[in-house]
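Please examine the sequence and the structure before reading on.

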Amino acid sequence: MARAGLTADRLARVGAELADEIGFEQVTVSALARRVGVKVASLYSHLANSRDLKTRIALLALEELADRAADALAGRAGKDALVAFADVYRDYARAHPGRYAAAQFRLDPETAAASAGVRHAQMTRAILRGYDLAEPDQTHAVRLLGSVFHGYVSLELAGGFSHSAPDSQESWTRALDALDALLRNWPAPGPSPHRPAA
């Protein structure tokens, strides 16, 4: 890449490609400089440091994921929307493991509030409105879906389901069936185990 072609956005894209190849944790300004064939100092007019680079890759990944999710959800509702949304996350993680890891990167509150992460939350809540969930149960359900999707995908990427039957796809399908059934039959709140019942 010629130096004239260096921009922060271009470097974030190259960094995202590098993350998919070597792992998000291994991406540094030094590694990026080697990839683009320039001295590290040349990049500091575009990037503050490795955290700035990782933040930019995270923002790129969140944007890509949000765009794919929005496309997948168009015209869908209920279980169809839930499955389409979940499949976007799983497919993205399998195709772009480094970018997927970047999407989990902790952003400062101001950056997070301006990121596509807000769109992810809005889409999740739109799906849940189709199940007639109101607050605070909607927030509980958002956290549950995120935990199941991320937990399953992370274990699958690490090879956790590759050594036993049934096939991982079958388990994924059943997990989504179970989530749909749970969302349609969301439990009424009971007494908290941390507080005595009145």
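Predicted model: local features only at pLDDT ≥ 70, side-chain atom pairs only at ≥ 80, totals over all residues.

Residues are numbered from 1 along each chain as its sequence is written, and side-chain values use heavy atoms, with hydrogens and water left out.

**Nonpolar core**

A nonpolar core is a set of buried Ala, Val, Leu, Ile, Met, Phe, Trp, Tyr and Cys residues joined through side-chain atoms within 4.5 Å; buried means under 20% relative accessible area, exposed over 50%, and partly exposed in between (1.4 Å probe, protein chains only). The largest such core has 56 residues, and those with the most contacts inside it are L32, V36, L43, L82, F85, F149 and L183. Helices, here DSSP runs of H or I with at least four residues, are numbered from the N terminus. Those supplying at least two core residues each include α1 (8–22), α5 (78–95) and α9 (137–157). The largest share, 11 residues, comes from α4. With contact taken as heavy atoms within 4.5 Å, L43 touches L6, L11, V29, L32, A33, V36 and V38, not counting residues up to four places away in sequence.

**Helix α9**

The expected span of a helix is 1.5 Å times one less than its number of residues. For the 21 residues of α9 this gives 30 Å, and the end C-alpha atoms are 30 Å apart, which agrees. Buried residues of α9 include L145, F149, Y152 and V153, and their cover includes α5, α6, α8 and α10. Just after α9, G159 takes a positive phi of about 85°.

**Aromatic pairs**

Rings of Phe, Tyr and Trp (its six-membered ring) pair if their centres lie within 6.5 Å; planes under 30 degrees apart count as stacked, over 60 as edge-to-face and the rest as tilted.

| Pair | Centre to centre | Angle between planes | Type |
|---|---|---|---|
| F24 and F105 | 5.6 Å | 75° | edge-to-face |
| Y152 and F161 | 4.7 Å | 40° | tilted |

F24 lies in the loop between α1 and α2 and F105 in the loop between α6 and α7 (109–113), so their pair ties together parts 81 residues apart in sequence. F24 is buried at 4% relative accessible area, and F105 counts as buried at 19%. The charged end of K54 sits over the ring of F24, 5.3 Å from its centre (the criterion being NZ of Lys or CZ of Arg within 6 Å of the ring centre and within 35 degrees of the ring normal).

Y152 is buried at 12% relative accessibility, whereas F161 is partly exposed at 27%. Ring pairs link F85, Y89, F149, Y152, F161 and W172 into a cluster.
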